[in-house]
Amino acid sequence: MVLEKLGDSLKGTLSKIAKAVFVDEKLINELIKDIQKALLQSDVNVKMVFDLTKEIKERALKEETPAGMTKKEWIIKIVYEELVKFLGEKESTIEVKKKPTKIMLVGLFGNGKTTTAGKLAKFYQKRGFKVALMGTDIWRPAAFDQLNQLGKQIKVDVFGDPELKDSVKIYKKFEDKLKKYDLVIIDTAGRDALSKDLVDELNKLNKAIKADENLLVIGADVGQAAEKQAKTFHESCKITGVIITKLDGTAKGGGALIACSVTGAKVKFIGVGEKVNDFEVFKPENFVGRLLGMGDLEALLEKAKEAITEEEAKDLGKKLLKGEFNLIDLYEQMKAVKKMGPLSKVMEMIPGMGQLKMPKEMLHTQEGKLEKWRNIMDSMTKEELEDPDIITSTRVERIAKGAGVSVSEVRELLKQYKQSKKMIKMMKGGKGMEKMMKKMGKGMQGMKFK
Ligand SMILES: Nc1nc2c(ncn2[C@@H]2O[C@H](COP(=O)(O)OP(=O)(O)OP(=O)(O)O)[C@@H](O)[C@H]2O)c(=O)[nH]1
Ligand SMILES: [Mg+2]
């Protein structure tokens, strides 16, 4: 997988959102920090990281969640949209319209021009075009051999003349022959820097070839330095697009991709391996979708929907307000709380409740306890469930036997019930309850799990 590390961190960040109980400013701030960390580790320029995350934060806090979407889904969508925007939004393709369409590949030493020439040739050949490769690298002795071998491998004609020590002359020599091809891909020589010498040579070639596309080939391992390279090549050699190679082998790829996109030079293709087929059209939407593991996230959000619904929360709230509270309600309440996450977190949201001492058992609804409670309640009569105060010691023994649990476990449930009832009475006395319900309602809306 390309940019595995960046993808993993971003996925981890977003699944935190999907799993969270409440989406609030604190969570959004955490999200922003996580995204910043992930992008900086991928060598994205600091200013860009801050621009991007500022936008995400502003939208997440200010924009209203569209109808039919949960807040969580909306935030994940914002992250996705902003990343896509940063990567240049729409894909930018090359159409082979006139014959021959000419693509010239330029770039510094070892960035993958020759390899990419082969990949591009294969890409268009597969789409039914008649493709030719041309080598104009007069600097590296083995350059023409390398291209020839590639041509043989993919069965594409290769033109070039290692004897001629002038790249323009090489092109001119074969210009006529190239006319019968739909697409001609021209490989050029690299340098270790964008020297005046290289600029002169490329400009000379440009004038002679008048290529339809001048594509700059940059290895992703240069990270954010890609911006400077793209800019200088863009200004001095009129490049029409960028191909980022080696995205498979570096943690800095995010930096290179984003850096290029902001120069205005569109990334058109990406190289994702050494083989001829390790090559893709760069589609920001698909790319970000894959990076964020959209498929996995959807599954995660689906799970989040299983949590408590707004209706359920309201029903429970109404009952509590009326002071009606029996064992069944306790069971429902515990179930709801379990769905929402730790009760302590719920309590933090209610004014004045943070300081309230809660029964320990209530704060830690253990897995399995609900199951047991349901069994115990199954052994109770309707009368007992509605008015647990009538349950005497002999009744406790009978219930325990029926449920296959110990007497102390039945007593524990009853104790829990009494404590909860007491607490509810206490809250009913003050204004706390109303506030709590309002706040709960708000929180629930934020979670709106359909
Ligand atoms: N992993 C990986 N390696 C790549 C990719 N593209 C190119 N390479 C490797 O990078 C090295 C340099 O590739 P070349 O195509 O020779 O680079 P070049 O730009 O033509 O180099 P010069 O002609 O010397 O300027 C080779 O070992 C390629 O196999 C890619 O997408 N992924
Ligand atoms: Mg080369």
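**Helix packing**

Guide: Helix H7, residues 167-174, and helix H8, residues 196-209, have axes that come within 9 Å and cross at roughly 15°. H7 is therefore roughly parallel to H8 (angles under 35 degrees count as roughly parallel, over 145 as roughly antiparallel, 65 to 115 as roughly perpendicular and the rest as oblique). Their crossing is right-handed (the near helix is turned clockwise from the far one by less than a right angle). From H7, Ser167, Val168, Tyr171 and Lys172 take part in the contact, and from H8, Glu201, Lys204, Leu205, Ala208 and Ile209; contact means heavy atoms within 4.5 Å. By class, five nonpolar, one polar and three charged residues make up this contact of H7 with H8 (Ala, Val, Leu, Ile, Met, Phe, Trp, Tyr, Cys and Pro count as nonpolar, Asp, Glu, Lys and Arg as charged, the others, Gly among them, as polar).

The model is predicted: local features need pLDDT of at least 70, side-chain atom pairs count only at pLDDT 80 or more, and totals for chains, interfaces and linings use all residues. Residues are numbered from 1 along each chain as its sequence is written, chains are lettered from A and ligands numbered from 1 in the order in which they are written, and side-chain values use heavy atoms, with hydrogens and water left out. Helices are DSSP runs (H or I, at least four residues), as are strands (E, at least two), numbered from the N terminus. Axes are lines fitted to C-alpha atoms, for helices over the stretch in contact, with angles from 0 to 180 degrees between N-to-C directions.

Another pair is formed by H2 (residues 25-41) and H3 (residues 46-62), which pack at about 155° with axes 10 Å apart. That angle makes H2 roughly antiparallel to H3. The crossing of H2 and H3 is right-handed. On the H2 side the residues include Ile28, Ile32, Ile35, Leu39 and Leu40, and these meet a set in H3 that includes Val46, Val49, Phe50, Ile56 and Leu61. The contact of H2 with H3 divides into 12 nonpolar, three polar and two charged residues.

Most residues other than glycine have a negative phi, and most peptide bonds are trans. Lys99 and Pro100 are joined by a cis peptide bond, with omega about -10°, and Pro100 lies in the loop between helix H4 (71-86) and strand S1 (101-106). Lys155 has a positive phi, near 60°, and is found in the loop between helix H6 (143-154) and strand S3 (157-159).
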